[in-house]
Each structure stands twice: as structure tokens, then as C-alpha cells.
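The following report describes strand pairing, backbone geometry and overall dimensions for the model shown here.

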Amino acid sequence: HSIYFNHAQGFVPPEVSALYGSLQVPNLVESVFTNNEIGWRGAFLDNRLQFDAALYRLDGEDEVVNYAIVTGLTEPRNAGKTRHQGIELGAGWRITPEWQTQLALTYSEHEYREYRASPTLDYSGNDIPGAPAWIGNTTVKWTPEAIAGFSAELEWQYLGAYEMDNANTVEYGGFNLFNLRLAQQFAAWRVWLKGANLADKRYAETASSSYSGVGTYSPNTQNSYSPGNPRTVTAGVEYRFE
């Protein structure tokens, strides 16, 4: 078992598009991020059960945001402060020589501590869009002793709901996906088969909305979705030169 603590600080310079996106070059400075993290790693049952847990808080200062001077005219400014904090859990358990499972789970909060988008529009205290609170991934792997070189792995991916707009008025519900991976090793040869999105679920890789929280909400013109792949099956053959 081990306990660790980490303190780190870094910066991100303004993007070129923010500096030279208009004829008038804005006076921008770098965004500074400070992270504190404490964690615990350990193992039980003769190392058959291993885990990793961490608590973190990441604060951002002088983040570049789009500020609306008047309607239809915006400029980038160092006017943003954000906070990202949560807990990350990971575990791996070799149940038997043939069966093992792994789990990764994250709960986090992503908040605008300070974001005034215009003289009258203030998003301070709102959740940052596109940042789900819950993210999870679980796999179960089977490597039967009776079939040398064979493995089968079932994966469950979970993405929780998140806000699509800065005003926190439009929400995307997240998704659950199931994937399957099969592989067979023959000496230097390996044959594999992958099935993604087994349930053929319709989902969005990313979802966002340009709605400001003021005025008429028009989902057909203001919401944007990047569709995820439907059910997909991929097969392959590998040969390793030694």
C-alpha cells in the first residue's frame, strides 16, 4: 500500500486564433492551472485485487473566454476562473486464473467560478458544458485454459448526463455502450474480432448548444451533435516477426 500527494502548476498560452482572429490584437496573458491530488494505491488477496483511488482539485485562473461587447460583437478576454474536482477509482481483480475484471470510475464536478460573458450575462457558478459528472468503464475477460491462446473480453462504457450550454438549460442524457473483443493466438499469428456498440445504440460522441439562456430556444438550429458509430464489426490478422 502507498499513499501519495502531488502539487503541480502549469500554464497554457493563448491560442493563435484568439490572438489574431481579428484586426485588433487583444491583450491576453497565459492561463494558469494549479492541481492538488492525494491518492492511495494498494493490493489485497496476494495481489489478485489491486486498486487505485485519488482525490483531486484543479483550479484555473485567467482562462480565455469570449466576451460579448455588444450583440454580435465578441472578443477574447482573460475573464475566466474554473474549478475541476472529484474522485477517481480504479480496480483490477483476478477472480480465477480464467476470469478477471477491471473497473474505472470517475465522479467529478466542473464549475465556472467566474465567467461573465457580457455586461448582463453571468455564468459564474454554472457547470461547464460538455463535462459529465460520471464516467465509467468495466471489462470482464475470459481466458479459458481448455483453449490455449484464446481470450474474450466484454466491455461496458458509461457516460453520464452533462450540460450542453453555458446557461445550463440544455442537457444531454449520456449513453451506455457494450463492446466485445475476441482473439486467438497461434504461435506468431494472432486473429482477432472486435464488435463495437453491440446494441446498435444511437448516441452522440459530443453534444453542445449555442443557446445563451436568453431569448427563444431553437434546438434545431442551436444544438449540435457529433453522432457516434453504429454497430461495427472489425476483423484482423497479425503476424509477429521475431
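Strand S10 (residues 175-186) and strand S11 (residues 189-196) run antiparallel and are joined by seven bridges. Strands here are DSSP runs of E with at least two residues, helices are runs of H or I with at least four, and both are numbered from the N terminus. Two strands count as paired if DSSP finds at least two bridges between them. Within this pair, Gln-185 stands opposite Arg-190 of S11. The two strands form a hairpin with two residues between them.

This is a predicted model, in which local features need pLDDT of at least 70 and side-chain atom pairs count only at pLDDT 80 or more, while totals for chains, interfaces and linings use all residues. Residues are numbered from 1 along each chain as its sequence is written, and side-chain values use heavy atoms, with hydrogens and water left out.

S11 also pairs with strand S14 (residues 232-239), in the antiparallel sense and over eight bridges; here Trp-189 stands opposite Tyr-239.

| Strand pair | Sense | Bridges |
|---|---|---|
| S10 and S11 | antiparallel | seven |
| S11 and S14 | antiparallel | eight |

On the S7 side, Lys-141 stands opposite Glu-153.

Two residues other than glycine have a positive phi. Ala-187, in the loop between S10 and S11, has a phi near 55 degrees. At 75% relative accessibility, Ala-187 counts as exposed. Asp-62 has a positive phi of about 60 degrees, but its place is in strand S3 (residues 49-70). Asp-62 is partly exposed, with a relative accessible area of 33%. In these terms, buried means under 20% relative accessible area, exposed means over 50%, and partly exposed lies in between, for a 1.4 Å probe and protein chains only.

Gln-222 lies in helix H2 (residues 219-222) and counts as buried at 18% relative accessibility. Leaving out residues up to four places away in sequence, Gln-222 touches Ser-208, Ser-209, Ser-210, Tyr-211, Thr-216 and Tyr-217, a contact being heavy atoms within 4.5 Å. Gln-222 and Asp-165 are 57 residues apart in sequence, and their C-alpha atoms are 9.8 Å apart in space.

Taken as a whole, the protein has two helices and 14 strands. The radius of gyration is 23 Å, well over the 18 Å that the globule rule gives for 242 residues, so the protein is more spread out than a compact globule. This radius is taken over C-alpha atoms, and the rule is 2.2 Å times the number of residues to the power 0.38. The C-alpha trace spans about 70 × 45 × 35 Å along its principal axes. Of the 242 residues, 32% are buried. Among contacts with a separation of 6 or more, 55% are between residues 24 or more positions apart.
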